[in-house]
Structure formats: C-alpha cells, structure tokens
Amino acid sequence: MSKPVVLIAEELSPATVDALGPDFEIRQCDGANRDELLPALADVDAVLVRSATKIDAEAVAAASKLKVVARAGVGLDNVDVPAATKAGVMVVNAPTSNIVTAAELACGLLVATARNIPQATAALKGGEWKRSKYTGVELSEKTLGVVGLGRIGVLVAQRMSAFGMKVVAYDPFVQPARAAQMGVKLLSLDELLEVADFITVHLPKTPETVGLIGHEALHKVKPDVRLVNAARGGIVDEEALAAALKEGRVAGAGLDVYASEPCTDSPLFAFDQVVCTPHLGASTGEAQEKAGIAVAKSVRLALAGELVPDAVNVQGGVIAEDVRPALPLAEKLGRIFTALAGEVAVRLDVEVYGEITQHDVKVLELSALKGVFEDVVDETVSYVNAPLFAQERGVEVRLTTSSESAEHRNVVVVRGTLADGEEVSASGTLAGPKHLQKIVAINEHGVDLAVADHMAFFRYGDRPGVVGTVGRILGEAGINIAGMQVSRAEEGGEALVALTVDDTIAGPVLTEIADEIGATHARAVDLAE
C-alpha cells in the first residue's frame with residue numbers, strides 16, 4: 001500500500017520530519033508561491049505550514065484528499081478554518097510551543113524600552129557616545145499592567161515580578177481569586193490604563209479586541225507610560241499610538257506585531273523611543289522545534305483516524321484510554337441507526353452508561369454522529385464536519401451520561417426521534433479483554449449479537465416459521481447466515497429477527513423476505529469499508 005503523503009510547505013525544523021517517522025511520503029514545496037502550492041496539494045493527505053502559506057478555500061478545494069492542515073505555531077490567520085471544517089479537514093496547531101519564547105520577547109521589549117538599549121546601541125555603533133540622551137527608567141517598584149492574563153500574560157507577569165514590579169492585569173475571563181494566587185491584582189481596563197507605568201498586551205485578535213488600545217484608551221494613560229505589543233497586530237491602534245507619541249502622551253513603545261505584515265514602513269518607525277522587531281515572538285530555535293514536533297505528532301494521530309487534542313475545529317479533546325475502544329462501536333451504532341431509521345432524525349440522543357462515564361465521553365457523540373451521516377451525505381464525513389452536517393439539517397443533538405448500567409459494564413445507545421415521532425435506537429457494548437463489539441438492543445428488543453460487516457433486521461408479528469423462511473430465502477440467494485437471534489416482548493406480539501451474514505443482502509432479496517414474513521420494517525446494514 002502507498003504511504004500517506006505529507007506536504008511540508010515551509011522550512012521546518014529537521015526534528016519535524018524525524019517526529020513524523022518513516023510511515024509517510026514526505027514532499028516539500030514553496031507554500032508562499034501559489035503556482036507551486038496549488039498543484040502540490042492535489043493528492044496530499046496532510047500539509048504542514050507556518051505563517052507564509054495561505055490555506056484558504058481555494059487551497060482546500062485543490063486538495064481533494066486532504067485530511068489535516070497543521071500550523072507549526074499558534075496563530076491561524078493564514079488558515080481558513082471554516083472552509084477546512086466544511087470539507088471535513090482537521091486543523092491543528094501547536095498552541096503551547098512558543099509561549100515561553102513569546103513571553104521572553106515581551107520581557108525583552110519591556111527592558112529595551114525602559115533602558116533605550118537598541119537606540120543606544122545604534123548610536124554607539126554610529127560613532128556617538130550619548131550617555132545622557134539615553135537615560136532610562138528602572139523597572140523596580142513600577143506598575144506593570146498586563147492586558148490579557150492568559151498563558152503568555154502569566155509568564156510575563158511572573159518574570160517581571162522578579163524585577164520588583166507590581167503587577168496588575170485586565171482580563172474579564174479570569175477570576176480575581178485565581179489572579180490573587182499569582183500575586184496579580186485584577187482591574188478594569190480603565191483602571192489599569194490610569195495606574196500602569198508599563199503596559200504589555202497579550203490578547204487574542206478578535207472583533208472585540210481590534211483597536212482596544214486606541215485613541216480613547218491612550219488619553220487615559222500616564223504620560224510616561226511605555227507600551228509593549230508582542231501579541232497580535234491591530235489590538236493597539238498604530239495611528240492612535242503615533243499621535244500619542246507625537247503629543248507626548250506616551251513615553252515609548254516596544255512592538256513586535258503590526259496591523260499589516262510584513263511591515264517595513266510605518267509612521268511609528270520615525271520615533272526614536274519606539275523599539276521594533278519584525279514579528280519575532282516565535283522566532284527561536286527551541287520554539288520552532290517544539291512546534292514542528294507537536295504538529296508532526298498531531299498529523300500522525302489525525303492520519304491514523306484519531307482525535308487530536310490540539311485540533312482547533314474538533315470538539316472532544318484528549319481521549320482517555322478507557323474511552324478509546326468505544327469509538328468504533330459508537331460509529332457503527334450510528335450507521336446502524338441510520339439504516340434502521342431510513343431518514344435523518346429530528347433529534348438525536350447519544351447515551352452513555354456505566355464506568356466509562358467517569359471520563360470525558362464527548363468524543364463518543366462525535367463518533368456516533370460520524371456514523372449517522374456516513375451513508376447520508378456524498379462528502380467525506382469526519383469528526384470535524386459531522387456536527388456541521390447535523391446543524392445544517394436541523395438535527396438537535398444531545399449527549400447524556402449515567403454511571404449506572406444494569407446489565408453491562410458499559411453501554412452506548414444511539415437514539416433518534418424521527419419526523420413522525422417514531423423513536424429508533426441501537427444499543428451496543430464491548431465484551432471481554434478484546435473489546436468485542438456487540439449489539440445488545442434494537443429499539444426495545446434485547447439481543448446479543450456481535451457487530452459484523454453485513455447485518456439485517458426484520459420487525460414482524462410473532463408467528464411460527466419465520467426463521468425457516470428467512471433461512472430458505474437467503475440460502476437460495478447463496479448468502480450464508482453467520483448468526484441469528486429472535487427477540488420478542490410477548491408471545492404473538494412484535495418480534496425482531498437480527499442476523500449477521502457473510503455477504504451483502506441485495507435489495508430484491510430483502511424485499512422478498514419482508515413480503516413473505518409480513519415484516520413491517522426490513523433493513524440491511526453494510527458496515528464493510
């Protein structure tokens with residue numbers, strides 16, 4: 001069999017290829033060159049990028065086999081996540097790979113703006129000895145305002161506390177008690193702007209945060225404040241900052257990011273008190289190696305059909321080892337449900353019972369959804385786009401769990417309510433140390449049947465001779481029965497025949513059986529890949 005193809009579209013650490021291992025065909029291209037990128041995507045299973053390669057809707061459409069886009073870094077500005085999601089393509093990044101590197105750069109910019117280090121360096125190299133011109137200020141006993149107390153903001157706060165700074169922060173998503181544990185006092189943004197001697201920004205770029213530090217905010221700060229932005233360009237309004245510097249309302253700034261990048265010509269560059277770097281937040285060998293290794297591991301998981309903890313467009317997170325064996329069971333129950341229902345449900349309930357519920361079982365809902373739509377839509381269904389298919393079709397999806405399970409250690413049920421109010425369900429469990437997949441109920445009928453590639457289910461009025469009739473017709477069609485069970489609630493009531501066979505039951509054969517036994521429902525299920 002041919003190996004899955006992984007396209008590396010930008011220069012990555014050699015450790016990335018090592019982490020991928022020998023199981024993949026590795027190709028390379030210049031992702032910044034669209035004429036080279038688009039043809040290269042045609043038959044790849046995964047693509048690894050940094051920031052120069054744009055994986056937009058056009059690129060996703062050009063990659064018909066694509067299963068995963070991996071960004072060796074934190075931001076995803078260059079990846080069209082909605083387009084990838086719609087196509088069933090997993091998007092992963094390396095969210096923790098550069099947090100130390102980014103925090104250290106922010107700290108470096110803080111020190112550089114306080115002591116005019118780059119300006120003094122440039123002057124001295126230019127033959128000028130100007131000690132008095134580049135007199136700075138101490139950090140000790142000054143107030144540092146951290147705007148955004150996430151992972152990087154916390155690291156900056158910890159490091160600058162060691163300089164003797166008093167740290168305050170603004171973050172509406174952090175509880176005061178949590179901040180207090182770190183020795184940080186939470187303030188409103190206006191309060192922070194008024195008291196801070198230094199301000200450092202560590203927020204994600206969202207519609208709410210773009211321009212957050214703008215004209216209004218920069219009229220509230222101390223005139224000797226120094227502002228650092230090593231997070232995302234645009235959070236600090238560059239025009240407003242230039243005006244504040246020109247009018248003496250801000251003493252200095254340290255910038256690593258810009259509203260439009262690459263940026264080589266900005267009014268801010270004209271100010272001697274502005275320290276600027278070309279988006280170096282993640283630019284250390286250590287961070288690049290961490291990012292490459294992290295996304296390589298994610299690609300391995302994704303191409304093995306696993307969920308990936310760092311996938312940004314998949315709900316589920318880390319899968320507990322006790323939950324993992326139930327994933328294929330839930331998916332097959334979803335396919336069985338669809339075959340039994342013959343239509344898309346109005347509401348779908350994924351129910352999980354037993355010891356397994358001590359873990360996060362959200363992933364089982366995704367797996368069941370994947371199975372439900374596998375035989376409904378023409379597109380490839382994945383953990384990524386299965387919820388989207390449900391949303392587009394107006395299916396209400398619910399996950400319920402209970403630690404109680406009367407007859408089995410663990411049970412997964414896929415239950416749906418159809419448009420006419422009828423309820424259809426398929427229940428299954430895993431048996432023994434080899435995790436044998438078994439169906440334990442179809443609707444209210446209890447069964448004990450191993451899941452197989454080819455199955456069929458018939459509901460009919462209980463009467464003698466049905467088993468013989470089913471066997472005769474299948475025998476005449478050359479189809480061997482591997483297993484069969486009959487279930488009934490009461491004598492003469494509704495009964496269910498559930499059987500596994502060695503081959504697909506063709507439509508005419510299914511119809512013949514249904515007609516002869518008077519079945520109210522007859523469904524064949526083919527789970528073979």
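Figure 1. Numbering starts from 1 along each chain as its sequence is written. In this predicted model, local features need pLDDT of at least 70 and side-chain atom pairs count only at pLDDT 80 or more, while totals for chains, interfaces and linings use all residues; side-chain values use heavy atoms, without hydrogens or water.

**Figure 2. Domain 1 meets domain 3.** Six residues of domain 1 are in contact with five of domain 3 (contact: heavy atoms within 4.5 Å). About 440 Å² is buried between domain 1 and domain 3, and carbon and sulfur atoms give 68% of this area. Thr85, Lys86 and Gly88 supply 75% of what domain 1 buries against domain 3, more than any other three residues. Buried area is the accessible area (1.4 Å probe) that two parts lose on being put together, summed over both.

**Figure 3. Helix H5 crosses helix H7.** H5 spans residues 99-115 and H7 residues 151-161. Helices (H or I, at least four residues) and strands (E, at least two) are DSSP runs, numbered from the N terminus. The axes of H5 and H7 come within 9 Å and cross at roughly 50°, so H5 is oblique to H7. Axes are lines fitted to C-alpha atoms, for helices over the stretch in contact, and angles run from 0 to 180 degrees between N-to-C directions. Angles under 35 degrees count as roughly parallel, over 145 as roughly antiparallel, 65 to 115 as roughly perpendicular and the rest as oblique. The crossing of H5 and H7 is right-handed (near helix turned clockwise from the far one by less than a right angle; anticlockwise is left-handed). H5 contributes residues including Ile99, Ala103, Cys107 and Leu110. Those from H7 include Ile152, Leu155, Val156 and Met160. By class, the H5 contact with H7 has eleven nonpolar, no polar and three charged residues. Ala, Val, Leu, Ile, Met, Phe, Trp, Tyr, Cys and Pro count as nonpolar, Asp, Glu, Lys and Arg as charged, and the others, Gly among them, as polar.

**Figure 4. Asn116 lies in the loop between H5 and helix H6 (117-125).** Asn116 is not a glycine, yet has a positive phi of about 55°. The axes of H5 and H6 come within 6 Å and cross at roughly 60°. H5 and H6 are therefore oblique to each other. Val111, Ala112 and Arg115 in H5 meet Ile117, Pro118 and Gln119 in H6. This contact of H5 with H6 has four nonpolar, one polar and one charged residues.

**Figure 5. A cis peptide bond joins Glu261 to Pro262.** Its omega is near 0°. Pro262 sits in the loop between strand S11 (252-255) and strand S12 (274-276). Most peptide bonds are trans.

**Figure 6. Helix H12 passes helix H13 in a right-handed crossing.** H12 covers residues 326-341 and H13 residues 362-374. Their axes come within 7 Å and cross at roughly 35°. Among the residues that meet are Leu327, Ala330 and Phe337 in H12, and Val363, Leu364 and Val372 in H13. The contact of H12 with H13 has eight nonpolar, four polar and four charged residues.
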